[in-house]
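Here is a short briefing on one protein model. Keep the sequence and the 3D view open as you read.

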Amino acid sequence: MRRPLIAGNWKMHFTVPEGLEYALRLRHDLEPYAAHLDLVVLPPAVMLWEIANALRGCPIKVGAQNAGWEDQGPFTGEISPKMLAGWCDYLLIGHSERRQLFGETDEELNRKLQAAFRHGLKVILAVGETLEEYETGRTVEVITRQLSAALYGITLTAATDLTIAYEPVWAIGTGKAATPQYANQTMGLVRTLLARSFADLAASMRVIYGGSVTPANTRSLMEQPEIDGALVGGASLKAADFIQIVQATAEVVRSKRV
Ligand code: PGA
């Protein structure tokens, strides 16, 4: 079994003091579970450094929600992977909100991916179909396009630090998670596509699910063979919910080992 990864995407929530207080609570409550899975929080950029310091020496890792591809220069409002290197562990790239609200293209995501790996960051690359694409039966086509464009030129060595988050856009923030069976099937497709680029390595790469993950549906999702963890949005903002999601995942890990 691949080691699961649970990531909390805080999106644009919390002030700096609130985020810091929350991170310290997670540090206290989640540390025991780190033996079973990898834990990541993705705070807004403005509090990333503060939270990385607060979690230093603790198994919970921090990641940025977005970064550009240049190292430095006249790019007002942007942060670079070079600025994150050495203290920030993960970078989320290609979230559907970035694609839809900020117009990010597959080609730009490829540049971001290359830059992130150049600076030694671990990457969570998000892919997923919109409701319209889902309803018109274009899921396979969309995922294939998103992955092949983003992964163009990515080496086997870099791919060891890559996790794919499959997030059907229609499931994000809607309370309507994909069924475990549908998610598992689509994530199997993701793995098949990864094998085209990375051959045998694909079997050990993590593919995680995102979209209305809650304490109530975590177990049934995590029991699926292709689901290696979760990217959690709304439920990651409430300590009790996030902790329960982590607990449920750890229980599935333990039961699979028996
Ligand atoms: P959600 O968000 O859990 O609130 O659906 C997931 C995400 O956007 O990563």
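In which helix is Val140 found? Val140 belongs to helix α7, which covers residues 139–150. The model is predicted.

- Leu189 is 49 residues away from Val140 along the chain. The C-alpha atoms of these two residues are separated by 7.7 Å.

**Around the ligand**

- There are 13 residues around the ligand. Those that come nearest are Lys11, His95, Glu167, Gly173 and Ser212.
- Lys11 uses its side chain: an N or O atom there is 2.7 Å from an oxygen atom of the ligand.
- Ser212 uses its backbone instead: a backbone N or O atom lies 2.7 Å from a ligand oxygen.
- Gly233 also has a backbone N or O atom by a ligand oxygen, at 2.9 Å.

**Lys11 and Ala199: positive phi**

- Lys11 sits in the loop between β1 (5–9) and α1 (16–30). Lys11 is not a glycine, yet its phi is positive, at about 50°.
- Ala199 is not a glycine either, and its phi is positive at about 50°.
- Look for Ala199 in the loop that runs between α9 (180–198) and β7.
- Is Ala199 buried, exposed or partly exposed? Ala199 is partly exposed, with a relative accessible area of 47%.

- Ser212 lies in the loop between β7 (206–210) and α10.
- Why does Ser212 count as buried? Its relative accessibility is 14%, and buried means under 20%.
- The side chain of Ser212 reaches two backbone nitrogens. One belongs to Gly175, at 2.8 Å. The other belongs to Lys176, at 3.5 Å.
- Leaving out residues up to four places away in sequence, Ser212 touches Ala171, Ile172, Gly173, Thr174, Gly175, Lys176, Ala177 and Asn217.
- Asn217 has its place in helix α10, residues 215–222. Asn217 is buried, with a relative accessible area of 16%.
- Which residues does Asn217 touch, not counting those up to four places away in sequence? They are Ala177 and Ser212. Ala177 is also among the residues that Ser212 touches.

**Cys88: a buried loop residue**

- Where is Cys88 found? Cys88 is in the loop between α3 (81–84) and β4 (90–93).
- Cys88 is buried, because its relative accessible area is 5% and the limit for buried is under 20%.
- Cys88 and Trp49 are 39 residues apart along the chain. Their C-alpha atoms are separated by 7.9 Å.
- Setting aside neighbours within four places in sequence, Cys88 is in contact with Leu48, Val62, Gly63, Ala64 and Leu121.

**Ser80: another buried loop residue**

- Ser80 is found in the loop between β3 (60–64) and α3.
- Ser80 is buried, with a relative accessible area of 4%.
- Ala67 is 13 residues from Ser80 in sequence. In space, C-alpha to C-alpha, the two are 5.3 Å apart.
- Ser80 touches Ala67, Glu70 and Asp71, not counting residues up to four places away in sequence.

**The largest pocket**

- The largest pocket has a volume of about 480 Å³. It is lined by 19 residues, and the closest to its centre are Lys11, Met12, Gln65, Asn66 and Arg98.
- Which helix gives the most to the lining of the largest pocket? That is helix α4 (residues 96–101), with three residues.
- How do the residues of the lining divide into nonpolar, polar and charged? Ten are nonpolar, five are polar and four are charged.
- Lys11 links two of these topics. Lys11 is one of the residues closest to the centre of the largest pocket, and Lys11 is also among the residues that come nearest to the ligand.

Note on methods
Residues numbered from 1 in each chain as written. Predicted model: local features only at pLDDT ≥ 70, side-chain atom pairs only at ≥ 80, totals over all residues. Heavy atoms only, no water. 1 Å grid on protein atoms, 1.4 Å probe; cavity = no way out; pocket = protein on both sides within 12 Å on 5 of 7 lines; lining within 4 Å. Points joined across faces, edges and corners; volume = space filled by probe spheres on them. Helix = DSSP H or I, 4+ residues; strand = E, 2+ residues; numbered from the N terminus. Nonpolar A, V, L, I, M, F, W, Y, C, P; charged D, E, K, R; others polar. Buried < 20%, exposed > 50% of the residue type's maximum accessible area, 1.4 Å probe, protein only. Contact = heavy atoms within 4.5 Å. Near = heavy atom within 4 Å. Polar contact = N/O pair within 3.5 Å; in protein donor to acceptor, adjacent residues only side chain to side chain.
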